[in-house]
Structures are given as structure tokens and as C-alpha cells.
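I opened the model to look up a few residues, strands and cores. These are my notes, in the order I made them.

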Amino acid sequence: MSTLVIVESPTKARTIRNFLPSDYRVEASMGHVRDLPSSADEIPSSVKGEKWAQLGVNVEADFEPLYVVPKNKKKVVTELKKALKQADELILATDEDREGESISWHLLDLLNPKVPIKRMVFHEITREAIRKALSDCRNIDMQLVHAQETRRILDRLVGYTLSPLLWRKISSGLSAGRVQSVAVRLLVLRERQRLAFRQGSYWDLKAILDIQHTSFEARLVTLAGSKLATGSDFDPDTGQIASGRNVRLLNEADAKELKARLLGKNWRVSSVDERPVTRSPSPPFTTSTLQQDANRKLGLSARDTMRTAQSLYEQGYITYMRTDSVHLSDQAIAAARSCVEQKYGSEYLSPTPRQYKTKSKGAQEAHEAIRPAGSSFRTPSDTGLTGREFQLYDLIWKRTVATQMAAARITQIIALLLVEGAGFRATGKRIDFPGFFRAYVEGSDDPNAALENQEVILPPLKVGDRPNCRELEAIGHETQPPARYTEASLVKTLEKEGIGRPSTYATIIGTIVDRGYAQMINKALVPTFTAFAVTGLLEGHFPDLVDLSFTSRMERTLDHISTGEVDWLPYLREFYSGETGLENQVKERESQIDSKLARTVELVGLDAKVCIGRFGPYIEVDNGSDLLKASIPKDITPDQLDSEQVEALLKQKASGPEEIGQHPETGDTIYLLNGNYGPYVQLGDGEGEKKKKPKRSSLPKGVTPEMVTLEMAVGLLALPRFLGDHPETGAKVQAGLGRFGPYVVHDQGKEGKDYRSLKKDDNVLTIDLERALALLAEPKKGRNGSRSKKPLRELGTHPSDGEPVNIYDGRYGPYVNHGKINVTLKEGTSVEEVTLEKALELIAAKASTSSTRRKSSKSSGTKKASAGTKKASAETK
């Protein structure tokens, strides 16, 4: 008897195969095998003439979905059918959430098996879990299938009904979504607050005091019995003290006058308050909190976090990563407590096993939090993982283990001091027992360093003490606008408001960025002008669809459908086909929407109008006799567009591009221009008999138009730059600037090209062959940021920074690696005879020569730049 097991991915198939009997065959469906049609050519000819065909949902026949097998899945389905013919039993082992249940149902409906069928579910891929799941199979849960199908249909109805309206009224290629549009509105609302923000300023004093040969800091908090104004006392809309606040506001003159009055006066401690505080560890990770912490600590996007977590789950390292639950099984608690005892000692163990309760009402994805898989947790160093996979597993391991550690005990100290009617406050914090801080500190990826940073030591103070004032400084402050959303804070807000499911947040944020509704700038999500226009249209004509409470109620209804409390069909009828349903709303309001107004964005404090055109946003100014227009470069955000910027863009449009100078070899003029994708330099203007497209080069990241010299422009236009021949192959090595930034490439013709990105300190215009060869010798990094090769030997960690020192097998022989430093082993030196001490000597020698070479190259580069600037000035004159 043979059994066919179907899972979603090849990685999951490979892992599960190891835990099943030899007569079990495991195949992958490669995700969903059926879906609603994504394009017109996928719609069957038999229904193409129906008016609902583009929707992919027959709204006239009880919202019957039109499922098709995409072209790229037809071969997969054929292979699965072929495998099923040789099987005596079929086991559907897709993920245990709604999406996984739906995939299993589609497989069952599509394959139409004539053999017995089982549905196997598990939340971790270990031998024990798979064997247990195999003996405890069930039927497909149709409530979960209906819940997923209703969400899919609802999302299709919203997206495919509103998106064409946006194409007609604003610009083609735009999209609307049930959760996506609400998320975009959150970004726009925050940006509107920032644009309306008015800055306020206030001053205070900082004192450095001494007592018993120990210094400490104190800040002015009261004056003549009145509380001193701080940033929280200001009205963000006016920049003035908010009404009803009884506070004293100091300006610069007041602060300096007070400073002069207090110098040399007697200080006295008026009160000392010590408060013991206990902090308990945070719950284990859910999908949402994992995305938030991975973004804050590791800098990973929600999409990268979920992709990496999926890989860890499918390889058997962690439990299922789509979950709202913070529950830990008894097995997991025992494993975590064992880790605490072994690594930190029994005094760091919580007195009793700690369990957490899930607060989210809609928590019904998986039944356990995200944790290391198995009945015993592998320490991160024992996994053999590298790159992002190691970082994320390490984060999950620490968070899980910390849940079973003792609470941290902290003493907070507040001392108040008086001098001539002015009240100062000194605060301190003492960690009496670190507890779970030893394993996990939120916002830090180094718990030990974080422990040191968290303590603020005050000398022993008592009432009546008279410290000496060593320094007194008047300090000015300015209020700050509300912070933009990061991926972490947006995910937190969406979950708090009950909008969407955490398992979809990564896709939603990715879509927002991919569709041009937001840019990622310094880890912040900055809404574009297009986001302002689309949000304005939806707020004005379809307010419910971008209302937080309405969307939250919709989410709860969808959860009730999955539990059988609400019938899905009447709900869809009311939402779409009812008297006030979406279909009728769009029909009624389309004629009321003025396309010109819909494409126009009016910003606070800006006289010019911003319009959305076919090729992006542009400004429009009426000067009385004419309508002036100029494109807005992609790198200008709504908060940067002020009157000066508008004037500069219009001036550039009227006067043409800025001339930098003449190319020393061709004599052609080099221009500096601003395009949709930022500033760039251009050689010539493309005029003449042949009218060739002029050569162009974008400015490297970090280089502003003001920094561009003639020498730099000539260098950029000469890219890619030949550096020399590779000593091993004789092939050329070049440096260039591509869409992903500056790079070096080893071009071996038919043998292929080997690329490496330049590091932060490298300059594409000055990098030499030696440095390029060093970069090319480094192992190429994989898509998940990990090195593509495992080390030949792990020698240990570097004593200065704790980073690993390993030996890798490179294209040109074995080499020692530490961070960015690579040292090739001398010919005849075997890998086995290299010790950590020997490797540290090689690394130190290489670092020393590299530092000397960089200094000399910087010195010569400065001289060259100086000479080039003079030459450019002479030629311009």
C-alpha cells in the first residue's frame, strides 16, 4: 500500500519526508492550485460574455466564485494527478490555518480522488509531531474553508469594483483594497498631522552636581512653585501652550537670566523617593509581535520576516508562524524551563511555569505561539543557521526562553533639589535582579549591553544633603511632529484596531510600497502624493470603506463566519448587492466625482496645487496669465514641498537644465537634471543629425546635486570603469553603478559575470583593483542575506566584538573571514593547522594594511578633488 502526502512547498516536503515511512510519497502543490482569474486571458471563453466575468464572482448566482487553474500551475496539477493514480491513500497535509484548509479543499475538488482521504494538521515539523498528527487525522473543516472563501470574495469585490473607478478618475494602475486602503489612510492621516504641525520652543536648565566625589545630573522642573513647560504642554496645531495648562514657559533670555542668578547659590536635597518595580517578560511571539520586533531589532521588513519564518518552519526549526495565540504547550514550557536552568541557573527560573492568555478576540489561526520546535529547544549556535535565519531563530529562542524566567526587580529613584525657589529633579534606576533581562530586552539585540544602558546610577542621597553645582547649562528645545509609521508601528496599530489579519500584514505593506502609495525612507513609511489623492477620493465618496471602526466590525463578522455564528451568503448580499451596497454606491457616485478635483491634492500652507498625471505628480500654479506646470521628482515627499521648492522646480522647467561644464574629451556640455527617479547627469542634449539618446548616470546614494563637480560628473558618465585584469582568469574587472547601487563585476564572458555590491566606505569612482579583488573573494550572499557557503571550519569568536571567525572555501582557495576582512591562506597551509590565535594575527595584519591604504587613498583623493575643482572652475569661466 502506498500513500500520497501533499504539502505546499518543496522545502516542507523534504523535511516531512524524513519523518514518514518509506512507502509514503510527499509532493508539493506550490501553494494554491486554483484561484479567481487574475487577468482577462484566464477567464474561460464560456463565461467571457457575462457582465460579472471580470469580477471572477457570479454575483447573480449566490456569489459563486469562478475558480481557474493558472497557467503556471497546470503542470503541477498534472503531476499530482499522475502521482495520485499510483497511490492507495491521499493525505492532505497543508497548513492548519484558513489558507491551508482552503488549499486542501481545492486539491480535493480538483484531483477528485477515488481513494480514501485524510486531512493531517500539525503546528511544528518534528518527528514526534508528524507521527502524532498521522495517527490523529480529521476531515476538512468546511467552516474554515467558507471563512477563507468569503474573505477572498469580499476582497475581490472591493478591489475589482473600486480599482477601475480609481483608474478612470485619478490614474491607471492604481488599486483599492479592503485592508490596504485603510492602511494607506493611516499613513496619510499621520502625514496630514505632520503638515499641520506648528513647532513650539521652550528652555530649561541642566545641572551637573557633585556629592561625595560622585557626579549626577538634575533638570529644572519647577520655578516659584509652578510647573515648567515641556513638549507635552504645547498644542501641535498652534505651536503655543495648550489652553488650560497652568505652566511656566521659559524663553532663551529667561533661562540665561535664571542660570546667572543660580550660579554660586546653595543647593539642598528636599526629598528622595525609592520605588521598587517588578517587570515580567513579554508573552511569546505571535505573527504580529514577531513582525514588530524583527523590524525594530533586525531591520527586517514584514515581508522578509514572514519569508524567513516560513523557511524556518518548513525546515523544522520553529512552530507554525501564522498565529494570534500566545499559548505555550506543556511540552514547550518544560523545554524553555530546561534551557533557563542550563544556561542561566535555577535562580533565574520563574517560581512557577508561566502561561499567557490570548487577548485578541479573533485569535483562531494556530493553537500555539511561535516558538522553537520540538520537546527540547536547540540553542541558536547548535542549529548551523546563518544570516537572517540565524538572527530570527535567535530572536524567537530568546523571547520563548525569557517567558519562563524570573521577573526583573528594579528600584526607581527620584530626588528633588531646591535652589533659590527653583526645583530640580534627578532620576536614577538600579537593577537589583536582572531576571529575564539576561535573555531578552525589548528594543535591543544585545541583552548584556542593554542591561548596562538601562541602569542610571545616583549617589546615595538623603534629605538635607547639600551637593555642589559643578556645571549649569541653559538648554533650548523644540517640539517635534508626530513620528511617521514604521512597519512595526503600522502593524501594531492595525492589530490594535482589529483591521485585517496579522498573517496578511506583510503582503499589505508590500503592496502599499509596490503600488507607489508609500516610500520607505529611513525605515519610515512616507505616503506619496498619489496616496493623498486616493485617500481623499475614498474619504469623500466611500467613507465607510476607509473608516477604522467599520473595517474592524467587518473583520469581526468574518471571524464569526469562520465559527458558524454568521451565515456568509446573506452578509455578502447585504454588503455588495443591497440597497446601500457597494455596487449601487459606485454606480450612483461615479457621476458625482470630478476627475480634475480627484487628481488634485491641496497641501496645508501651499498655494500651488499638486496634480496626479499619467507620468506621476506635478505642480500647477496659476500666475494670472498662464498655467505653469512642472514635474515633481520622486524623491520629494509631501512634507518637503514648500514655496521655495515649488519656485525652484518652476524655474528649472523655465530655464532648462543646469550646465556643469564641458566634457574634457568630447567638448559636449554636461547637464545636471532632475527626473522622476531623482537627480542625474547627462552628456549632451541628444541633438544633431543622428539624434542619439544622450548618456546619463544617476547620482550615487548620499550624493546631492550641490555636491556634483565636473570631475565627479565625468567619472559617473564613464561608468562602468575598467579596473584591470583578474590575476587568476585574465578576465576584466569593472566598477559600475546599477539599479541596486554601486558594484564590482568579474566579467568572464561566456563563463558568466560575478557581481559584488560595494561596502559603505567604498567609492565607485576611486575603488582600485586590489579592493575589488578582496570583495570578489568574499562568499556571495544568498537572497535571505546568508552566505551561500557554509564555513570549512568555525574557529571561534573575535575577542573584540564577539563576531565569528571562520574559514571559507573561496574561488581562489581557503580564506579566513571576520566581518568585512578576508585573508587568503598561503599556499601549502592546510585548513586544519590554522588556530584561532593564528587567524587573529592574520586579521590584525590585514586590518592594519587596509587602514594605511585607505588613509593614503583618501589623502590623494582629496588632492585630486581639489585640483579637479580648480580645473572645473577655470573651464566654467
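This is a predicted model: local features need pLDDT of at least 70, side-chain atom pairs count only at pLDDT 80 or more; totals for chains, interfaces and linings use all residues.

Residues are numbered from 1 along each chain as its sequence is written, and side-chain values use heavy atoms, with hydrogens and water left out.

Entry: K596.
I found K596 partly exposed, because its relative accessible area is 36%. K596 sits in helix α19, residues 595-598. Helices (H or I, at least four residues) and strands (E, at least two) are DSSP runs, numbered from the N terminus. I then listed its contacts, where contact means heavy atoms within 4.5 Å. Beyond four places in sequence, K596 is in contact with C611, Y618 and E620. The side chains of K596 and E620 also make a polar contact, at 3.2 Å. A polar contact is a pair of N or O atoms within 3.5 Å; within protein, one must be able to donate a hydrogen and the other to accept it, and residues adjacent in sequence count only if both atoms are side-chain atoms.

Entry: two threonines.
Is T557 buried or exposed? T557 is buried, as its relative accessible area is 18%. T557 belongs to helix α16 (residues 548-562), and leaving out residues up to four places away in sequence, T557 touches V566 and Y571.
T479 lies in the loop between β13 (468-478) and α13 (487-497). T479 counts as buried, at 8% relative accessibility. A polar atom of the T479 side chain lies 2.8 Å from the backbone nitrogen of G200. Outside four places in sequence, the contacts of T479 include F197, R198, Y202 and F234.

Entry: strand β21.
I asked how many of the seven residues of β21 (residues 669-675) are buried. Six of them are, so β21 is largely enclosed by the rest of the structure. Two strands pair if DSSP finds at least two bridges between them. Strand β20 (residues 658-662) pairs with β21 in the antiparallel sense over four bridges, and E659 has Y671 as its bridge partner in β21. The two strands form a hairpin with six residues between them, and G667 in the turn has a positive phi of about 80 degrees. Strand β22 (residues 678-683) is joined to β21 by six bridges, and these two run antiparallel. Y680 in β22 is the bridge partner of L673.

Entry: an open sheet.
I traced four strands in the order β24-β25-β26-β27, with antiparallel pairing. The edge strands, β24 (721-725) and β27 (753-757), each pair on one side only. Strands β25 (residues 732-738) and β26 (residues 741-747) pair over seven bridges. A735 has V744 in β26 as its bridge partner.

Entry: cores.
A nonpolar core is a set of buried Ala, Val, Leu, Ile, Met, Phe, Trp, Tyr and Cys residues joined through side-chain atoms within 4.5 Å. The largest one has 155 residues, of which L162, I318 and L641 touch the most other members. Helix α5 (residues 142-169) gives the most to this core, with eight residues. Apart from it lies another core, of 27 residues, including W203 and L461.

Methods: Buried means under 20% relative accessible area, exposed over 50%, partly exposed in between (1.4 Å probe, protein chains only).
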